[in-house]
Amino acid sequence: VEVVNDYFENLPKFVSAANSFGLMDGGVDAAITNFFGFQLMQRVQLRIIKEFFGEQPVGTSIIVETKNEKHPYIAHTPTMRVPLDIRNTDHVYNAMAAMLRAVHHHNLTAERKIITIACPGLGTATGRVPADQAARQMALAYRNYLNPPKRIGWNYAHERHDAIGFGGHVALEAKYPADYDPEAKK
């Protein structure tokens, strides 16, 4: 894992931190559409219509060809249904985990493999997720991807749920009180 502060055009394959409808006209998505052309957004939306009946859920990711040799794919990965505040949710974790699974499944069958992924801070702009929270959720999804369980039981399910945390997790409230209680910021 490497943190890079650069324009996406200078990076390899990348993730589109998106909405559920493939409306790629704001933030990083707008830059992606401007770079690849409106046809990419149309291809994304056609896949959403075909595979998800018009609404791609948070927690899914699709690999879409860009028709660009240097940047052959994007992973369209919704972090929210429509632009909204997703702080104190597990949307970032779910999006990152979905993107990693999509790349994994792509690489099982595709002739051209995805080796490197450039991913923006998921949910950190429109979603208003603080960078450290987004990084924690993204890192946890990556860690869980690298270390799948040997078996699944209730202890495993509760440990995984507690590690993800957001949505009122007591330990995280203690560690990040300002994120949970506006009065704590004062």
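Visitor: In which order do the three strands of the open sheet stand?

Guide: Strands (E, at least two residues) and helices (H or I, at least four) are DSSP runs, numbered from the N terminus. The three strands form an open sheet in the order 1-3-2, with mixed pairing. This is a predicted model, in which local features need pLDDT of at least 70 and side-chain atom pairs count only at pLDDT 80 or more, while totals for chains, interfaces and linings use all residues. Residues are numbered from 1 along each chain as its sequence is written, and side-chain values use heavy atoms, with hydrogens and water left out.

Visitor: Which strands stand at the edges?

Guide: Strand 1 (14–19) and strand 2 (62–65) do. Each has a single partner strand, so one side of each lacks a neighbour in the sheet. Neighbouring strands are turned by 35 degrees against each other on average, direction ignored.

Visitor: How many bridges join strand 1 to strand 3?

Guide: Two strands pair if DSSP finds at least two bridges between them. Strand 1 and strand 3 run parallel and are joined by six bridges; Phe 14 has Ile 74 of strand 3 as its bridge partner. Strand 2 and strand 3 run antiparallel, with four bridges, and there Ile 63 is partnered by Ala 75 of strand 3.

Visitor: How many residues of strand 1 are buried?

Guide: Buried means under 20% relative accessible area, exposed over 50%, and partly exposed in between (1.4 Å probe, protein chains only). Five of the six residues of strand 1 are buried, so the rest of the structure largely encloses this strand.

Visitor: Which strands does helix 2 touch?

Guide: Contact means heavy atoms within 4.5 Å. Angles run from 0 to 180 degrees between N-to-C directions, with axes as lines fitted to C-alpha atoms, for helices over the stretch in contact. Helix 2 (residues 38–52) packs on the sheet against strand 2 and strand 3, its direction making about 140 degrees with that of strand 2. Helix 1 (residues 27–36) lies across strand 1 and strand 3, at about 120 degrees to strand 1.

Visitor: Which residues of helix 2 are buried?

Guide: An α-helix has 3.6 residues a turn, so residues three or four places apart point the same way. In helix 2, the buried residues include Leu 40, Met 41, Val 44 and Ile 48. They cover an arc of only 100 degrees around the axis, which puts them on the same side of helix 2; the arc is that of the directions from the helix axis to the C-beta atoms. The buried residues of helix 2 pack against helix 1, strand 2 and strand 3. The face turned away from the buried side carries the exposed residues Leu 46, Ile 49 and Lys 50.

Visitor: Which residues touch the most other members of the largest nonpolar core?

Guide: A nonpolar core is a set of buried Ala, Val, Leu, Ile, Met, Phe, Trp, Tyr and Cys residues joined through side-chain atoms within 4.5 Å. The largest has 23 residues, and Ile 63, Val 92, Tyr 93, Met 96, Met 99 and Leu 122 touch the most other members. Strand 3 (73–80), helix 3 (91–109) and helix 4 (131–146) each supply at least two residues. Helix 3 gives the most, with nine. A second, separate core has 14 residues, among them Met 24, Ile 32, Val 44 and Val 64.

Visitor: Is Asn 144 buried or exposed?

Guide: Asn 144 lies in helix 4 and counts as buried, at 17% relative accessibility. Leaving aside neighbours within four places in sequence, Asn 144 is in contact with Tyr 93 and Arg 160.
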